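I opened the file to look up the fold, the surface and the core. My notes follow in the order I took them.

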Amino acid sequence: ENSLQKTSTCSSVNPSGVFVSPYALNLSSFTKLIKRLQEKHPGFSRNEIAEAVQEVRKRNKGVLSGLAISAIEEKASAIL
């Protein structure tokens, strides 16, 4: 019996139509980040917050890896 499970990495488009790279943030980190930003900025929709996070990615040469979640949160808050 092989106890190793195969995992696959796939990219997706979130409900706002924004492409989410599987290498940008893992899903739980992205979800936590969005929740934290929603709590901090209740006047903004989830889509607006996701767009701000994507803008942070764009400004960081197209990647979020290497940035702490707190740094991403801070930069997205500045955009919002």
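Accessible areas here come from the Shrake-Rupley method with a 1.4 Å probe. On that basis I read about 5,700 Å² of accessible surface for the chain, with 50% of it belonging to carbon and sulfur atoms. I note that the model is a predicted one.

Fold. I looked up the secondary structure and found three helices and two strands. Along the sequence I noted the pattern β-β-α-α-α.

Burial and contacts. The chain has 80 residues, and I found 29% of them counted as buried. Among contacts with a separation of 6 or more, I noted that 45% join residues 24 or more positions apart.

Core. I then looked up the largest nonpolar core, which has twelve residues: F30, L33, I34, L37, I49, A50, A52, V53, V56, L64, I72 and A76. Helix 1 (27-40), helix 2 (46-59) and helix 3 each give two or more residues to this core. Helix 2 supplies the largest share, five residues.

L37. I checked one core member, L37. Leaving out residues up to four places away in sequence, I found that L37 touches I49, V53, E73, A76 and S77.

V56 is on the list for the largest nonpolar core.

How values were computed. Residues are numbered from 1 along each chain as its sequence is written. This is a predicted model: local features need pLDDT of at least 70, side-chain atom pairs count only at pLDDT 80 or more; totals for chains, interfaces and linings use all residues. Side-chain values use heavy atoms; hydrogens and water are left out. Helices (H or I, at least four residues) and strands (E, at least two) are DSSP runs, numbered from the N terminus. Buried means under 20% relative accessible area, exposed over 50%, partly exposed in between (1.4 Å probe, protein chains only). Contact means heavy atoms within 4.5 Å. A nonpolar core is a set of buried Ala, Val, Leu, Ile, Met, Phe, Trp, Tyr and Cys residues joined through side-chain atoms within 4.5 Å.
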